[in-house]
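I keep this notebook to record what I look up in a structure. The entries follow the order in which I checked things.

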Amino acid sequence: MRNQLGLAFLACLTLWVGGGQRCLGVLANAWHIPDNAGDLGVNMRNPEFEMAANTTVTIYQGLQKYNNPGYGAANQTGGTLYFKGLTQSAWSSTALNWHTNGSPSPNNQYWRASFNTSIFGTNEVIQYYLYLTFDSGAENTYIYGGDGGSATTATQSVAADSAFTIRNRPAWLFHSGNRVISPGADATHNNANLWIKAGYIGKDGSLASRWADHASVYYTTDGSTPAGSLGVASGTSQAADLSLDHVEGDPSIAGNALWWQGTMSNLPAFATIRYKIGVWHSSNNEEKFADYKASTPNAVFSFSMGTAGDPTLTVNGLNADYTTTHVFVDENAGDAVPLAIQFSPNASNVTTAEVFSNLNRRDRVTLDANGDGIEDGIVPPDGNAIAAGDDSNYHKAYPMTASGQPGQYALTLNAQKTGAYRLTARYKVTGNTNWVWYSSNGRRDHAIVVAPRKARDITLYELNVLNIGAQGTQDYQRSTFADLHGGPGSRPYDPITNRFNLAYARDLGVNWLWFQPIHPIGVEGRQTDPATGQPYSVGSPYSVKNFFQVNPLMSKAGTRDAAMTEFTNFVAAADSAGINVMLDAAFNHTAWDCELDASGAYYFASNAPPAGEIRNWEARFYSRADAYDMRASVAGNIALAPDRYDFGKWADVHDVYFGRYAALVANASQTGAHLSEADWFDTSIGSESSSGDQNGHFDPVTRNVWRYFSDYILYWLDKTGCPAGTPAAQTARGIDGLRADFGQGLPPQCWEYLINKVRSRKWDFVFMTESLDGGAVTYRSNRHFDILNENIVFPLKSAATASDYRNIFEDRRSAYGQGLVLLNTTSHDEENYDDPFQALVRYAACGAMDGVPMIFYGQELGISRTNSFDLYEVNFGKLIPQFKKYNSLQPIFRNRGYGVDFLWPVYAAINQARGFSAALRSSNRYFLNQTGSGSPQPGIFSVAKYEQANGSPNYHDVVFAFANLDRNV
């Protein structure tokens, strides 16, 4: 029962008590609350938000019919639902019909009426109010209000002016603690970057169709409950604006969800931060607070920035708890980057303090110093057993000295060898022989990524071997590796239809080529081509049948041996041309019928033929269906990849089991586990039939999975001219990098082992990961990878002004520090622009920034979303060039007036300018504002780049870069 009585009822009650007469002119105790599902089991507006262009919406109205104080029963005879679009001048109407008596109170009665959204525009704001008629007990009543409550009136104009509305307010909010801690202004403060997902943006994708256009976080650092509204904090609270980051790309019938992000800045150490997030639309200023419609509306979230007495550890001034330091070195030049480490145990009677790290010790990753039969990079020895100065282990303890500040110890280590490392600290106190570790009680290791300096100099070009030089969509028209460098049997060069070769890439200013996976593709489980009802003619290259062979289709002869020869010849030619080669591989999953090859037979089935399928010889290589923290037992219970339940499965690949770790999504009840920042790995073995703690199944089988994939890169280095023993000065030979497809799907500890093992062979090998989630997931990948292939494509697509671009770059600097971001406007599984000049505008802005600018093949020729390749497909709602079938660029090759002759020289000029300028490639930047205004010129992205801080321009590169953001100017 809802009590909506107001002053009219109180006046009536006074008359009744005083005179003993029934009150006339009393408004009904009636309600319509769209959020409310408690009365009828469904929302009183059903559906409440998820409305398409042709959806029937039912409006329920409640009434206290019986036992009204003062007048008893209110007998409703009917009524009317009035509705219209905001831009429509006239109201439509439909009659209310009786629905039910009771529920949840026997005093209540419910009426209903419906309308269909087909009479409104796609993004139209819908208005409605109700009119109730009575023959006794109450006067005719109008109901109006908002999603969370309603009011009554006797005046129709009041109800019409404050009608219920749909589509100009956030539909739902989901935060779930999505935040990342980053350094603040000094070592005693931190920033907290946070994200919230909100519905919706209209189907036309325009900013004007957003259901919310403002968002803020209200937070306190004194333990009090945060308060505020419409972006203004109250009490001791502070407020920070959130900005629209990107569209999720998971459309519902109401449109796409939006991700908003913002930062709580300079939060003090040792404080508990409490915060809440509000989202609203300026048209009605009705603010909703997370996690609205996600279990706990108006939720207050909290986290701790440490507690008094906790030890503090900093690296170059950065709080070390689950943070990352990125540095870049040239080992041939003898680079050494200092890391200043300070440690305050915040404890009494400290007798000694030490740093504990594997920094610079990658070459010991495969050693077994403690004799347990397991490489120390796979299962590290107990750190408690490693004494300071012991140089025989993968990790080493370094004594610290008093810094001169009370209770503080200091040490400087130099980063000299590339690799993915960890660092922590420990101390002892009087009367206790045990070490007290910084990385305990919820604190986690600091990560140090020492990347090859040349990673900063990459200009990347993504391509597909079969399609880039293809002459059509038939098998015999495909291109092969020989065609890409003019090798034996190659198709003759043609400046119109067969223009790509190494000279083309070099003239374009490209120095790295990223190939979509080059390996044989699985047959069983291959996806079906809707055009034919048969398996795709090529199949997805991300469904790998053999990691140690080359797809036979990439050779003229159509055999694996010939493909291997063409590939190795191509790499040798690329080495001679100064072009680096990056492979693409999905270690997270394989084709159903993936073969062992020699490496697989060695590790998993010594008596098996190389062509034997892994699933039939060692099913424990894979995860178990719907129990990703366990291993498959037979081919029949292998899980589809990935271990995620929030965006579906890839039906043509099986999930590889790498062990049990913090961010593993074990089953459908743990859908948020991929956001975990706990950073643990379970090295236990346990029972094969059990899951959970101490059932990590990390026995020789799973440890061999780590070795199998680490050997993958070493194998291809052997094949392409960089075998074991290659001098450090000659490691330019062979393949040069790996793009890890769905790299976030492996434990961080596995990537650290793999990266360090490979870098022990080729110190300047570059690792890039796909990690499109952003937020906590990409932050985790940043702790071991050189380059992040993350979700920048989405905010770039909606960027319009110089401020938008600045925010994009600043957000990533705040989240990833010096970690490099792939600056791509599209890729093989993202849409191109309808207007190719829009891609160029964004490439120009990205070309002036640190990171890795990337061209998707054909982009420099003017490809668009719909008419530049022979074939396209719809992938997760996006129209992308088809790569599971033979495809070609012939439509854009032959359409020279569309963009070829205009765009290519501009892309080449941008790349060549970047190649000549150390300043453009550096991370040192200063955004330029208009003189006097203190704000940027909206239509011009402008930045000053400099090679060295405080360096004289006589000796160090300084560049002022400007990019016109208006394609029509």
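Is Cys 722 buried or exposed? I found that Cys 722 is buried, with a relative accessible area of 0%. I note here that the model is a predicted one. I then looked up Cys 594, which is also buried, with a relative accessible area of 0%. How far is the sulfur of Cys 594 from the closest cysteine sulfur? The distance is 16 Å, to the sulfur in Cys 750. A disulfide needs the two sulfur atoms within 2.5 Å, so this pair is too far for a bond. My count of disulfides came to zero.

I asked which members of the largest nonpolar core touch the most other members. They are Tyr 461, Leu 513 and Phe 587, in a core of 121 residues. Helix H8, residues 700-719, gives this core its largest share, nine residues. There is a second, separate core of 32 residues, and Tyr 219, Leu 267, Phe 303 and Met 305 are among them.

I went back to Leu 513 and left out its neighbours within four places in sequence. Its contacts include Leu 460, Tyr 461, Phe 500, Phe 570, Ile 579 and Met 582.

H5 covers residues 560-577, which is 18 residues. I read 25 Å from its first C-alpha to its last, close to the 26 Å expected at 1.5 Å a residue. The buried residues of H5 include Ala 563, Phe 567, Phe 570, Val 571 and Ala 574. An α-helix has 3.6 residues a turn, so residues three or four places apart point the same way. What do the buried residues of H5 pack against? I listed helix H4 (502-507), strand E35 (512-515), strand E36 (580-585) and H8. After H5 comes Gly 578, with a positive phi near 75 degrees.

How many of the eight residues of H6 (597-604) are buried? Six are, so H6 is largely enclosed by the rest of the structure. I wrote them down as Asp 597, Ser 599, Gly 600, Ala 601, Tyr 603 and Phe 604. H8 is part of what covers them.

Entry 5, a sheet. I traced an open sheet of five strands in the order E24-E23-E26-E30-E29, with antiparallel pairing. E24 (318-319) and E29 (401-402) are the edge strands, and each pairs on one side only. Further in, E26 (337-344) and E30 (409-415) pair over seven bridges. I found Gln 342 opposite Ala 410 in E30.

How values were computed
Residues numbered from 1 in each chain as written. Predicted model: local features only at pLDDT ≥ 70, side-chain atom pairs only at ≥ 80, totals over all residues. Heavy atoms only, no water. Core = buried A, V, L, I, M, F, W, Y, C linked by side-chain atoms within 4.5 Å. Buried < 20%, exposed > 50% of the residue type's maximum accessible area, 1.4 Å probe, protein only. Helix = DSSP H or I, 4+ residues; strand = E, 2+ residues; numbered from the N terminus. Contact = heavy atoms within 4.5 Å. Pairing = 2+ DSSP bridges. Expected span 1.5 Å × (residues − 1).
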